[in-house]
Amino acid sequence: MGYSKAQKARTHKRIVAIASKRFREKGLAGFGIAELMKEAGLTVGGFYKHFDSRDDLVAEAINSAFGGWKRRVDAAKSGGLPVSYETLIDDYLNEAHRDNPGTGCAFSALAPEIARSDKRTRALTSEQVRNDLELIAAMRPAKDKRTARSRAILIFSALVGAMALARAVSDETLSREILKTVGELLKNSASGRQQGKRV
């Protein structure tokens with residue numbers, strides 16, 4: 001029985017999903033092709049039936065990890081759970097996200113490694129950063145687009161940085177303090193603005 005295009009597409013998608021999760025857990029250099037293909041139940045030689053190079057896999061795996069916020073916003077528009085600026089912060093800066101990088105944000109898990117990746121991966125990353133900044137800016141309107149964008153850059157950087165630091169420290173109390181403090185400051189800046197205070 002032949003190997004159909006549909007089967008190949010399903011296998012390809014499975015390989016990308018495994019790589020996306022494991023890269024976020026172990027880093028781009030911490031998870032090799034042999035491990036990946038073994039976990040997918042395939043041979044190492046089969047890798048090249050799906051990808052021209054490891055860089056191609058990295059680009060696809062990272063790209064598949066992107067877009068979580070947009071998916072949530074789209075689901076809310078279709079009748080799903082509502083999404084607000086505060087819920088995005090709470091859902092990002094929590095211990096479950098910290099302890100499960102494989103299913104979380106690719107930026108907080110891999111940003112330094114992505115910076116050393118190939119042009120395609122960095123271009124995909126740039127596009128996703130722009131998309132996330134637009135989403136945040138839309139949730140935090142300002143008197144002008146430039147202010148909204150500047151604020152979005154600060155918020156996004158604070159979220160990613162706080163999560164990366166919370167994962168990096170070995171002190172559980174300090175880790176929780178980082179998440180809680182940054183979350184409270186970001187939410188308080190929003191409520192202060194709504195009360196007419198400058199943020």
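Leaving aside neighbours within four places in sequence, Leu42 is in contact with Thr11, Arg14, Ile15 and Met37; contact means heavy atoms within 4.5 Å. Leu42 is found in the loop between α2 and α3. Helices here are DSSP runs (H or I, at least four residues), numbered from the N terminus. With a relative accessible area of 31%, Leu42 is partly exposed. The scale is this: buried means under 20% relative accessible area, exposed means over 50%, and partly exposed lies in between, using a 1.4 Å probe and protein chains only. The C-alpha atoms of Leu42 and Ile15 are separated by 9.4 Å, and the two residues are 27 apart along the chain.

A word on the model. It is predicted, so local features need pLDDT of at least 70 and side-chain atom pairs count only at pLDDT 80 or more, while totals for chains, interfaces and linings use all residues. Residues are numbered from 1 along each chain as its sequence is written, and side-chain values use heavy atoms, with hydrogens and water left out.

Now follow helix α1. It covers residues 5–26, which makes 22 residues. From first C-alpha to last it reaches 31 Å, close to the 32 Å expected at 1.5 Å a residue. That expected span is 1.5 Å times one less than the number of residues. Several residues of α1 are buried, among them Thr11, His12, Ile15, Val16 and Phe23. What do the buried residues of α1 pack against? They pack against α2 (33–39), α3 (54–65) and α7 (106–114). After α1 comes Gly27, whose phi is positive, near 90°.

Next, the rings. Rings of Phe, Tyr and Trp (its six-membered ring) pair if their centres lie within 6.5 Å; planes under 30 degrees apart count as stacked, over 60 as edge-to-face and the rest as tilted. By this rule there are seven aromatic pairs. Why is the pair of Phe23 and Phe31 edge-to-face? The ring centres of Phe23 and Phe31 are 6.4 Å apart and their planes stand at 80°, so the pair is edge-to-face. Phe23 counts as buried at 1% relative accessibility. Phe31 also counts as buried, at 2%.

Phe66 and Phe107 form a stacked pair, with 4.9 Å from centre to centre and 20° between the planes. Phe66 lies in the loop between α3 and α4 (68–77), and Phe107 lies in helix α7, so the pair ties together parts that are 41 residues apart in sequence. Phe66 is buried at 5% relative accessibility. Phe107 is buried too, with a relative accessible area of 7%. One aromatic cluster is formed by Phe66, Trp69, Tyr92, Phe107 and Phe156.

Arg140 lies over the face of Tyr85, at 4.8 Å from the ring centre. The rule asks for NZ of Lys or CZ of Arg within 6 Å of the ring centre and within 35 degrees of the ring normal. Arg140 sits in the loop between α8 and α9. At 4% relative accessibility, Arg140 counts as buried. The C-alpha atoms of Arg140 and Ala152 are separated by 7.7 Å, with the residues 12 apart along the chain.

On a 1 Å grid over the protein atoms alone, a cavity is a set of points where a 1.4 Å probe fits but cannot get out; a pocket is an open set with protein on both sides within 12 Å along at least five of seven lines; lining residues have an atom within 4 Å of a point. Grid points are joined across faces, edges and corners, and a volume is the space filled by probe spheres set on the points.

There is one cavity of 30 Å³ or more. The largest cavity has a volume of about 40 Å³. Its lining consists of Trp69, Tyr85, Leu88, Ile89, Ile136, Ile155 and Leu159. The elements that give two or more residues to this lining are α5 (85–92) and α9 (145–168). The largest share, three residues, comes from α5.

The largest pocket has a volume of about 480 Å³. It is lined by 24 residues, of which Gly68, Trp69, Thr103, Gly104 and Cys105 lie nearest its centre. Which helix gives the most to the lining of the largest pocket? It is α4, with four residues.
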